[in-house]
Amino acid sequence: MMNLDSINSPVKLNNGLTIPVVGYGTFRTPADVTEQAVSNALKVGYRHIDASTDYGNEQAVGRAIHHSGIDRKDLFVTSKLPNDQRGYDSTKKMVQKSLDNLGLDYLDLYLIHWPATPAHYGDQADQVNADTWRALEELYHAGKVRSIGVSNFLPHHMETLLKTATVVPAVDQIEVHPGWPQADTVKYLQNHQITVEAWGPLGGKGATVLTNSTLQAIGAKYGKSNAQVALRWILQQGIIPLPKSVHEDRLRQNMDIFDFQLTTEEMTTISQLHDLGGQCADPDAYVFWKPED
Ligand SMILES: NC(=O)c1ccc[n+]([C@@H]2O[C@H](COP(=O)([O-])OP(=O)(O)OC[C@H]3O[C@@H](n4cnc5c(N)ncnc54)[C@H](OP(=O)(O)O)[C@@H]3O)[C@@H](O)[C@H]2O)c1
């Protein structure tokens, strides 16, 4: 069980590095409000920032980090490989691009954002993932990236990657929210000592997690909102949630999840909810998000 005292309680990764138990998401935050949003997140106490080159706002994330005056060693910064840039050479270039965008000389975590799949790469998909990973392993050994991982990898993608990997991914960042628990994948990853991060922990844009009546009834017992119940349900499964908000009151609310505990029965009830929206993405069929979407 993870130590659950605050959003910055340290979780040990399989390489010994620690990561704060709650991260701050930056997807769909427009570039012109990102600097302020990330500055607010850092001001209220978030120290783990989840960025991506594909979000189009990495430079603004970097400006917020620099203006915060927070020691680099006290921050945990993640970025991800753009979906149209894969393979050995491109991966090396893209990690440097993230470092330049963020104005950093190392990243705490870098992820393959989505697996290369036959839908996009035909019979080259497995080789593309292996070549991408080999580049990340070299960057990891060179200290440019302190931990390396993947995102949206299902067990079968992981099994294939592990055939050639010499470093086991530290993290798999997957979609997890009430209505989309992905229990089998979570169990597989945790059995392999791969830390699970939950993207879209509130269901993302337009989901009904925030208005669902079952979550409301559970939250009423503890004086908590649906968002807080959803985040707590994720934490109690040993998963790191990455909630995003551009509103300071919600940023604070999403931190206030350490003074209550869901019962085993409530955990099960929430795990059995379904049809609450969210992307419920199938990584094997996923059409990559583009900035204009
Ligand atoms: N690896 C991947 O493929 C992948 C994919 C998607 C996302 N991610 C990562 O995961 C992070 C989180 O996912 P997400 O941004 O899609 O969605 P999310 O965190 O599940 O949901 C955010 C939505 O809920 C609202 N919200 C936040 N806190 C709230 C609260 N306490 N009460 C009511 N509403 C609240 C936000 O709106 P306001 O901002 O208006 O408050 C936003 O519209 C992303 O930002 C990104 O870093 C990764």
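## Ligand site

The ligand takes up the space of the largest pocket, a pocket being an open set of points, on a 1 Å grid over the protein atoms alone, with protein on both sides within 12 Å along at least five of seven lines. This is a predicted model, in which local features need pLDDT of at least 70 and side-chain atom pairs count only at pLDDT 80 or more, while totals for chains, interfaces and linings use all residues. Residues are numbered from 1 along each chain as its sequence is written, and side-chain values use heavy atoms, with hydrogens and water left out.

Around the ligand stand 28 residues (a heavy atom within 4 Å), of which D50, L202, K244, S245 and R250 are the closest. By class, this shell holds eleven nonpolar, 13 polar and four charged residues, with Gly counted as polar.

## Polar contacts

Among the polar contacts (N or O atoms within 3.5 Å), a ligand nitrogen lies 2.8 Å from a side-chain N or O atom of S151, and a ligand oxygen lies 3.0 Å from one in the side chain of H247. At G203 a polar backbone atom is 3.4 Å from an oxygen of the ligand.

## Salt bridges

The whole structure contains twelve salt bridges (a side-chain nitrogen of Lys or Arg within 4 Å of a carboxyl oxygen of Asp or Glu). One of them joins E35 and R63 at 2.9 Å, N to O.

Technical notes
A polar contact is a pair of N or O atoms within 3.5 Å; within protein, one must be able to donate a hydrogen and the other to accept it, and residues adjacent in sequence count only if both atoms are side-chain atoms. On a 1 Å grid over the protein atoms alone, a cavity is a set of points where a 1.4 Å probe fits but cannot get out, and a pocket is an open set with protein on both sides within 12 Å along at least five of seven lines; lining residues have an atom within 4 Å of a point. A molecule sits in a cavity or pocket if more than half of its atoms lie within 2 Å of its grid points.
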